[in-house]
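Please find below a short note for a first reading of this structure. It is arranged as numbered points.

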Amino acid sequence: MSAELVGIVLNSVYVSAVPALISAVVGTPAALWLHMRGGRLAAALKALFNGLVGVPTVLLGLLLYLLLARSGPLGGLGILYTLEAVVVGHTLLVLPLYLSYALTALEGVDPRVRELAEMFGLGKATLLKIYLREAAGGLAGAVAASYGRALGELGIALMLGGDIRYKTRVLTTAVAHETMLGNWDVAIQLGVILLVMAVAVSAVVTALGFKYRG
């Protein structure tokens, strides 16, 4: 494996794993709060998250490009055409997906868990810990889905990262680049690496989630 390919793989891991982790850290408490609160607000926000799952990545990339461009309101940050800009875009892309999956996982927890906790006078922290344990498999699936979504994304990576060789090139933009050059063999090999990374990480994360649940 060449040094350039190693760099491309590491870039892909970075712009996929970090957004998935941020989504888990931010989204899990938010999903727990919404699930415990219930009511119309929780239902409305879940419907909103479900709708945002299908947002066109090109549109999201365009909006972020306008914000991060030198003449845009966030142009002073100077992160356009960097991996950090791609991380920002991917985080905004996968957070609604994570929240939607997490809420569905929490809804799958037996409601008698809450009734028993209240009956035995367990504290809120203990109740939340039980919920996390019971929904661990679904939450792990949410992390895996978020990672896979970011890993296979092209539009945001291209618009915000710029596909700069040795700097911001990731597997999806590399596949597109080699395809445009007519290097089919290289493009297919990169695609296979992308597929293996998606399947392997998804399998490991999901297995860890079910192992934690016991």
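Predicted model: local features only at pLDDT ≥ 70, side-chain atom pairs only at ≥ 80, totals over all residues.

1. Helix H1 covers residues 3–37, and helix H6 covers residues 124–134. Their axes come within 12 Å and cross at roughly 110°. Angles of 65 to 115 degrees count as roughly perpendicular, and H1 and H6 are therefore roughly perpendicular to each other.

2. Which residues make this contact? On the side of H1 they are Thr28, Leu32, His35 and Met36; on the side of H6 they are Leu127, Leu128, Tyr131 and Leu132.

3. Threonine 57 belongs to helix H3, which covers residues 57–68. Is threonine 57 buried or exposed? Its relative accessible area is 16%. Buried means under 20%, so threonine 57 is classed as buried.

4. The surroundings of threonine 57 may be described next. When neighbours within four places in sequence are left aside, threonine 57 is in contact with Leu93, Arg149, Glu153, Gly155 and Ile156.

5. An unreviewed UniProt entry places the feature "transmembrane region" at residues 12–35, 47–68 and 186–210. In the model, residues 12–35 are 100% helix and 0% strand, and the C-alpha atoms at the ends of this stretch are 33 Å apart. For residues 47–68 the corresponding values are 86% helix and 0% strand, with the end C-alpha atoms 29 Å apart.

Conventions. Residues numbered from 1 in each chain as written. Heavy atoms only, no water. Axes fitted to C-alpha atoms, helices over the stretch in contact; angles between N-to-C directions. Helix = DSSP H or I, 4+ residues; strand = E, 2+ residues; numbered from the N terminus. Parallel < 35°, antiparallel > 145°, perpendicular 65-115°, else oblique. Contact = heavy atoms within 4.5 Å. Buried < 20%, exposed > 50% of the residue type's maximum accessible area, 1.4 Å probe, protein only. UniProt positions renumbered as here; feature names shortened; annotations may be inferred.
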